Amino acid sequence: METVAIVKCPDYKKTTVKDAISRIFDLIGFDFPSGVLLKPNMLSARNPDEAVTTHPVILEVLSELLPHPVFIGDSPPNTSKTIEYYWNQCQYEDVSKKTKAKLVKLEGKSSIFTLNVKGRKVNFPVSSFAFQHPVFNLPKFKTHNITILTCCMKNLYGLIPGYPKGLLHTEFPEPEYFNHFIVEFYQLLKETVVFNIVDAVEVMDKNGPSSGRKKYYGYLIAGKNGVCVDFVCATLAGLKIHEVPFLRIYENIYGIPKVKIIGDQPENIPGFQVPSSSAIFKMQENRFMSGIIRTMANQLNIIPVINHNICVKCMECVKVCPARAISNDLKIDRKKCINCLCCFEVCPNRAINVRKSFLARIILP
Ligand code: SF4
Ligand code: SF4
């Protein structure tokens, strides 16, 4: 039986967050070693008010409560911006100045790992720093077009440094394989993760993880087992295990442990809406339809569309695209595009929308 704490945290004032995190530690108990790596979600160089990244006050409080040294690190997608720019925009630089927590670049030394994902072998790097330090996982509660939800398990993907993170999508262009990878990657890393706290004071629904809708919720969700915390988060979003692909896969392969919820008992997040892609995953539950999806993967999908009226030609989407599918005049080559939606995630101006492909619009609800 694994314990997951749900604790009210009505706002991001430091005293409020400190009370909430102290309560979590009282409820679950903790004995943390020194030298932990606080791993936020630093997907994009955005202001915390946009609910794309883990709020800096959570990191500030933990940097004061945990034994030093404390490190803060995440590897964002490959863009032209420096890591220092990310730290500044996400306000983690301020946290470091106030608390003496040390900001680290995960793009340095890596170790290469091999995983067998549904019969496909894949090699990839993982930041060596993450294996040398206990990881304190600090995801943001958001939706995601390929994994439906992104909380604890998906947040660890940021430990794969920079460009290889995008390149891995070319190994697994099918969402089902990518979700399998998330499951096996979690299994690889789970012993290094000492604790998880999900920032659900403000969450993101609809087409997350960077261009969805910000919603207020007012809770932190925490526990030692990331799968169980994700399961509770899915429940709070009104989702069943089979509606979140990586949870369904985890349940089928390893079984999700029984969960005891302690702390508060909130209502589910009111009106939480899943991304457009969820209709595809619903079809994949049907064996016959999943065969269709496999054979028509390029036609039945969620595709990125650039809104040239909003686009400021920053070229971040061109740089991040692992399939080299976006030309310098910002046209997307549909034959090359693998629908990884990395471009959608990094666009700083919400100038990329996701749209059901022609066939998906005909077939899907
Ligand atoms: S165009 Fe966007 S969705 Fe298509 S492969 Fe490139 S980054 Fe991925
Ligand atoms: S679509 Fe977005 S990321 Fe791409 S060039 Fe335009 S503003 Fe930049």
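The legends below describe close-up views of a predicted model.

View 1. The protein divides into domain 1, residues 2–263, and domain 2, residues 278–363. Their centres, taken over C-alpha atoms, are separated by 24 Å. Domain 1 puts 23 residues into the contact and domain 2 puts in 22 residues. On the domain 1 side, helix H7 (residues 162–171) gives the most, with four residues. By class, this side of domain 1 has 12 polar, eight nonpolar and three charged residues.

**View 2. Helix H7 and what covers it.** H7 spans residues 162–171 and belongs to the side of domain 1 that touches domain 2. The buried residues of H7 are Gly 162, Lys 165, Gly 166, Leu 168 and His 169. The elements covering these residues include strand S6, helix H8, helix H13 (316–320) and helix H14 (342–346).

**View 3. Helix H8.** H8 covers residues 175–189, which makes 15 residues. From its first C-alpha to its last, H8 reaches 21 Å, close to the 21 Å expected at 1.5 Å a residue. The helix is mostly covered, with 11 of its 15 residues buried.

**View 4. The shell around ligand 1.** Around ligand 1 there are 13 residues, and those that come nearest are Cys 321, Ala 323, Cys 337, Cys 340 and Cys 343. The shell is made up of 12 nonpolar residues and one polar residue, with no charged residue.

**View 5. The shell around ligand 2.** Ligand 2 is surrounded by 13 residues, of which Cys 311, Cys 314, Cys 317, Cys 347 and Ala 351 are the closest. Sorted by class, this shell holds 10 nonpolar, one polar and two charged residues.

**View 6. The hairpin of strands S5 and S6.** Strand S5 (residues 110–117) and strand S6 (residues 120–127) run antiparallel and are joined by eight bridges. Ser 110 has Ser 127 in S6 as its bridge partner. Two residues lie between the strands of this hairpin. Lys 118, in the loop between S5 and S6, has a positive phi of about 50° although it is not a glycine. Is Lys 118 buried or exposed? Lys 118 is exposed, because 12 other C-beta atoms lie within 10 Å and a residue with 12 or fewer counts as exposed.

**View 7. Strand S1 and its two partners.** Strand S1 (residues 2–8) runs parallel to strand S12 (residues 259–263), and five bridges join them. In this pair, Val 4 is bridged to Ile 261 of S12. S1 also pairs with strand S11 (residues 213–223), here antiparallel and again through five bridges. Val 7 stands opposite Leu 220 in S11.

**View 8. Two cis peptide bonds.** The bond from His 68 to Pro 69 is cis, with omega near 5°. Pro 69 sits in the loop between helix H2 (56–65) and strand S3 (71–72). Another cis peptide bond joins Gly 208 and Pro 209, with omega about 15°. Pro 209 is in the loop between strand S10 (193–205) and S11.

**View 9. Arg 350 in the loop between H14 and S14.** Arg 350 is placed in the loop that links H14 and S14. Its phi is positive, at about 55°, although Arg 350 is not a glycine. Arg 350 counts as partly exposed because 15 other C-beta atoms lie within 10 Å, a count between the 12 or fewer of an exposed residue and the 20 or more of a buried one.

**View 10. Lys 356 and Ser 276.** Lys 356 is part of strand S14 (residues 352–356). With 18 other C-beta atoms within 10 Å, Lys 356 is partly exposed. Lys 356 and Ser 276 are 80 residues apart in sequence, while their C-alpha atoms are 7.5 Å apart in space.

Methods: Residues numbered from 1 in each chain as written. Chains lettered and ligands numbered in written order. Predicted model: local features only at pLDDT ≥ 70, side-chain atom pairs only at ≥ 80, totals over all residues. Near = placed C-beta within 6 Å. Nonpolar A, V, L, I, M, F, W, Y, C, P; charged D, E, K, R; others polar. Domains from an automatic or database assignment. Contact = placed C-beta atoms within 7 Å. Expected span 1.5 Å × (residues − 1). Pairing = 2+ DSSP bridges.
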